[in-house]
Amino acid sequence: MLKGESSREEITDDLFKSGLIVLAIWKLSPLLLQPSMLSDGSLNLFSFLLSTGTELGFYLGVVAGVCFVFYKIRKGKVPFDKFAEVFPFGLLSSFVVFFLLTRNVGTATDFIWGISVDQSVYRYHPIGAYQLVFGVITGGYLVWRKRKGRPVPLRSFVVWFSLGQMLLTFVQFTTPLYIGLSLQQIFFLSVAGFSILLPMSKLERKKQS
């Protein structure tokens, strides 16, 4: 979608850097959340780097990565309107590919489309298939609106995407953290709420005027 755009290199470069920020904070989150580990003489650095980070560290990394991108936008390094146009497609593609290529199953279900794991007698929600359906429907709607000359504003997409992901968490294995909500659900609700703080695109400003 960015082919031939002068901002292509800057956008992809900054998104790559934000991805590295997410990865670094996620991997180092055990140390960030438990600094006492640094004084543990038995800590093997190689084994630590091969281990996975924490769930909280992942969400902290996402927040840091998003802040980095918006810092670049505020500095004028990345054109917001072009970024807002292509980012939803990139996010949808990333989620669909990730959940299809990783082994993600949800809670047990009696639905006929449930899948069995390791010859289990139980069937489970196919999270990858749900993400694929959500991605195709949402992506198709975005394309349809774009061709009609009325592209979906980024803030509207973020609200829709976050609430859709939150609904999917109800068929996933989650651990309640606060008022019955898991960390994932709190994160997606927060993203949907804070999306109103996103700057308006030229299209939205034109409609308001």
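Student: Which residues in α6 meet which residues in α7?

Tutor: V158, V159, S162, L163, Q165, M166 and T169 in α6 meet Q184, Q185, F188, L189, V191 and A192 in α7. To meet is to be in contact, with heavy atoms within 4.5 Å. By class, this contact has 8 nonpolar, 5 polar and no charged residues. Here Ala, Val, Leu, Ile, Met, Phe, Trp, Tyr, Cys and Pro count as nonpolar, Asp, Glu, Lys and Arg as charged, and the others, Gly among them, as polar. This is a predicted model, where local features need pLDDT of at least 70 and side-chain atom pairs count only at pLDDT 80 or more, while totals for chains, interfaces and linings use all residues. Residues are numbered from 1 along each chain as its sequence is written, and side-chain values use heavy atoms, leaving out hydrogens and water.

Student: How are α6 and α7 oriented to each other?

Tutor: Two packed helices are described by the angle between their axes and the distance between the axes. Axes are lines fitted to C-alpha atoms, for helices over the stretch in contact, and angles run from 0 to 180 degrees between N-to-C directions. For α6 and α7 the angle is about 165°, with the axes 8 Å apart. The two are therefore roughly antiparallel; angles over 145 degrees count as such, and those under 35 as roughly parallel.

Student: What are the angle and the axis distance for α3 and α7?

Tutor: Helix α3 (residues 55–74) packs with α7 at about 15°, their axes 11 Å apart. α3 and α7 are therefore roughly parallel. E55, L56, Y59, V62 and V63 in α3 meet L183, Q184 and F187 in α7.

Conventions
Helix = DSSP H or I, 4+ residues; strand = E, 2+ residues; numbered from the N terminus. Parallel < 35°, antiparallel > 145°, perpendicular 65-115°, else oblique.
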